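Q: Please take a close look at the aromatic rings in this model. Cover the charges over them, then the ring pairs.

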Amino acid sequence: MFSVFKRTFQTMSSTTSPLSPSAPFRLALIQVAITADKANNLKHAKSKILEAAKNGANVVVLPECFNSPYGCDYFPKYAEDLNDSESINMLSSAAKEASVYLIGGSIPERRQDKIYNTLTAYDPTGKMIAVHNKLHLFDIDVPGKIKFKESDTLTPGNKLTHVNTRYGKIGVGICYDIRFPEMATVAARKGCVAMIYPGAFNMTTGPLHWELLQRARAMDNQIYVAGCAPARDVNASYHSWGHSTVVDPKGTVIATCEEEETIVYADVDPNEVTSIRANIPLYSQRRFDVYGDVAETVVVDDEGNGTKKN
């Protein structure tokens, strides 16, 4: 179904922050309603991808676990092998039919005896061009509010992922990954114009931190940041905060919504990244003589996949 990437590792200078060759594009975040019916979820998501494309989107994003309810009890039941996956088949065909770059949210992936929370990305021909396994598993305990432990079921990933598109490089993470600033910092220093996080923050952490974290990642790294969530279903066991959002390199929210099903659109202009970095030149002012450069602790291959240096 997709080829195994041949990895040739390379590093970039720690003294500059070159933006990858980039062009403006229209971003669409599909805040889709999700049910327990996988076939219906896939059909509905595809219709929304095609709708976004008809409205001029060039890069389309689905939310975390778009094909299944979110929860440790559901991951094993809905998990699929990427090499034999109805969800992957739908995503590939939808990207091709819509002629868009598609960041396919995430699905529970079964690989041998392990389950991962896995994001896949596609080019406008339907070719899979990136795979990202959620690095940081959602294990929290807020007394009287919420307790959740993804590690009871899921296995974490072990690499960073940057998606190469004709519009420039785009970094990706999944939900809880956004709380770890190193991922966005590496993406920015490797030339990404944006960091995109399919996610499903809940009714406790969502009001507190969902927008705040996106604005922080955008402001600190002077890139666009977007978070794409499922629509809220009050009858489900897990209640998504919703509020899919796009933030510009100044840290300003340029597009958002409430909790209902919708598509959020925003225009991403790499010139805004260049402009804000010229006005506030963080990248030439960093003191790597005092502290280290986190971007130099990883190497990134030609497909934008990164791993730690030995």
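A: The charged end of R286 lies over the ring of Y283, 4.4 Å from the ring centre. A charge counts as over a ring if NZ of Lys or CZ of Arg is within 6 Å of the ring centre and within 35 degrees of the ring normal. R111 has its charged end over the ring of Y116, at 4.0 Å from the centre.

The model is predicted: local features need pLDDT of at least 70, side-chain atom pairs count only at pLDDT 80 or more, and totals for chains, interfaces and linings use all residues. Residues are numbered from 1 along each chain as its sequence is written, and side-chain values use heavy atoms, with hydrogens and water left out.

Now the ring pairs. A pair of aromatic rings is described by the distance of the centres and the angle of the planes. Rings of Phe, Tyr and Trp (its six-membered ring) pair if their centres lie within 6.5 Å; planes under 30 degrees apart are stacked, over 60 edge-to-face, the rest tilted. The whole structure holds 9 aromatic pairs. One of them joins Y70 and F75. This pair is edge-to-face, with 5.5 Å between centres and 75 degrees between planes. Y70 is buried, at 9% relative accessibility. F75 is buried too, at 1%. Buried means under 20% relative accessible area, exposed over 50%, partly exposed in between (1.4 Å probe, protein chains only). Elsewhere, F25, Y101 and Y167 are linked into a cluster by ring pairs.
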